[in-house]
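This briefing is meant for a reader who is opening the structure for the first time.

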Amino acid sequence: MPLHRHAEPSYDVAVVGARAAGASTAYLLASAGLHVLLVDRSRYGTDTLSTHALMRGGVLQLSRWGLLGKIIAADTPPVYRTTFRYRDAAVPVTVKPSLGVDALYAPRRTVLDPILVDAAAAAGGDVRFGIGVTDVLREPDGRVTGIIGRTRLGHGFRARARIVVGADGIHSTIADRVGAVTERAGTSIAASTYGYWTGLDTDGYEWNFRPGAASGVIPTNNGQACVYASAPPQRIGRGGLTTLTGLIAESSPELAARLTTAAAPRALRTFTGQPGHLRRSSGPGWALVGDAGYFKDPITAHGLTDALRDAELLARAITAVLVNGADERDALAGYQTTRDALSTALFDLTDQIAEHRWTDAEIPDLLLKLSAAMSDEIETLAALAPIGRGTEPDGVQPTPHRLTTNAGTDYR
């Protein structure tokens, strides 16, 4: 049974989804002094499908927000080198110190997501887990004014907000309820399967590309490395160790040999594929961020970096509206315009790579174009000024906070 209207809590912003994009958005908005609600249907600290890899733009964001030190303190290994392997060549690329970034990192989501959630709570955000959002509240004119959901215990939940942010993933409930149209759709569907090897000899990111099969290594926490393979869905099927090692042997015999000396995982995870999308990401009283608004195949390992980038772009737009009095329609439309300008080349190139129809001669050029698109993104992020209080490393002003379950008890 829904709560009575007079009992509905009210916020400046309600963010639905407490993963990388949502938690980052909530952190930045709360740091700017806004009253923010962050809800998620899952539990605090749970794992999720992920490539883990942060590119320079993502590391730059965490550094600017004062959170990179926590990633490093969690024993996330620094990555100083990326090696690209093709049919007849291996091309190592050293990470050059720039914009305060001298290494890349690939934290497990059980490390990254709690750090972002804790930052949002410490900045004053109201963080609640175990709440599944099922719909939005609306005014008679159609403007979104809040969220409707249900707790894990089956109790109704409603909250009012001046702006609702959908950060609830590829199959976003918020995107569905507000009728966010897909403005650019991918045509390629690749599948991927991965697991965590222990004791694997590697010195950084490894990306291996052969027609019909790609693979890679991403060093992460606890002395483990995420080893993955990407291929057309019919080649991946339901995944499995035999499928994974077979695709790795095809794309990089050298890596396949090294795997035999490391401890293999007991279980693998498989992503069966999903076409990419760029959705309309704002409207009266609502906005989308992360995979809810923009998703592309994980083969280029840029999703987490995009999530952190767009969290800041959206937080800046919302802050301009609610703190500085900017026109909401113009500010949110400007967020999407910037997002799309930085994303279109990455989106199209990723879609082409995920098709797995390129030749050995074509793939190096595609990856060079991808690198150029990333450089444009980094320049844009580096030029951004801080958003109000608490967004620079020395500006965080923690306040007492609690993480709560649907029962309202202290989660930790």
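The pLDDT is the predictor's confidence in each residue, on a scale from 0 to 100. The model shown here is a predicted one, and its protein chain averages a pLDDT of 92, with 92% of the residues scoring at least 70.

**Confidence along the chain**

- Over residues 1-6 the pLDDT is below 50, and beyond near neighbours in sequence this stretch has eight contacts in the model.
- Residues 389-412 also keep a pLDDT under 50, and for them the model has 63 contacts beyond four places in sequence.

**Helix α1**

- Helix α1, made up of residues 20-31, has twelve residues and reaches 16 Å from its first C-alpha to its last, which is close to the 16 Å expected at 1.5 Å a residue.
- Twelve of the twelve residues of α1 are buried, so the helix is largely enclosed by the rest of the structure; among these buried residues are Ala20, Thr25, Tyr27, Leu28 and Ser31.
- The elements against which the buried residues of α1 pack are β1, β2 (36-40), α4 (109-122) and α9 (303-322).
- Just after α1 comes Gly33, which takes a positive phi of about 95°.

**Strand β11 and its two partners**

- Strand β11, which covers residues 205-210, is mostly covered, since five of its six residues are buried.
- With strand β3 (residues 81-85), β11 pairs in the parallel sense over four bridges, and within this part of the model Tyr205 in β11 is the bridge partner of Thr82.
- With strand β12 (residues 213-219), β11 runs antiparallel and is joined by five bridges; here Phe209 stands opposite Ala214 in β12.
- The strands β11 and β12 form a hairpin with two residues between them, and in the turn Gly212 has a positive phi of about 80°.

**The open sheet β9-β15-β18**

- Three strands, in the order β9-β15-β18, form an open sheet whose pairing is antiparallel.
- Strands β9 (182-185) and β18 (294-295) stand at the edges with a single partner strand each, so one side of each is left without a neighbour in the sheet.
- Between β9 and strand β15 (residues 277-279), which run antiparallel, there are three bridges, and the bridge partner of Thr182 in β15 is Arg279.
- Helix α10, formed by residues 328-354, packs on this sheet and touches β9, β15 and β18, while its direction makes about 170° with that of β15.

**Salt bridges**

- Side chains of opposite charge can pair when their charged atoms come close. With a side-chain nitrogen of Lys or Arg required to lie within 4 Å of a carboxyl oxygen of Asp or Glu, the count comes to 30 salt bridges.
- Arg158 forms a salt bridge with Glu8, and the closest N and O atoms of the pair are 2.7 Å apart. This pair links distant parts of the chain, with Arg158 in strand β8 (residues 156-166) and Glu8 in the segment before β1 (10-16), 150 residues apart.
- The side chains of Arg81 and Asp203 meet in a salt bridge at 3.1 Å, N to O. The pair links Arg81 in strand β3 with Asp203 in the loop between β10 (191-198) and β11, 122 residues apart.
- Arg81 counts as partly exposed at 30% relative accessibility, and Asp203 is partly exposed with a relative accessible area of 48%.
- Glu250 and Arg235 bring their side chains together in a salt bridge at 2.8 Å, N to O. Glu250 lies in helix α7 (residues 241-251) and Arg235 in helix α6 (residues 233-236), 15 residues apart.
- Glu250 is partly exposed, with a relative accessible area of 33%, and Arg235 is partly exposed, with a relative accessible area of 37%.
- Salt bridges that share partners also join Lys296, Asp306, Arg309, Asp310 and Glu377 into one network.

Terms used:
Residues numbered from 1 in each chain as written. Heavy atoms only, no water. Buried < 20%, exposed > 50% of the residue type's maximum accessible area, 1.4 Å probe, protein only. Pairing = 2+ DSSP bridges. Contact = heavy atoms within 4.5 Å. Axes fitted to C-alpha atoms, helices over the stretch in contact; angles between N-to-C directions. Expected span 1.5 Å × (residues − 1).
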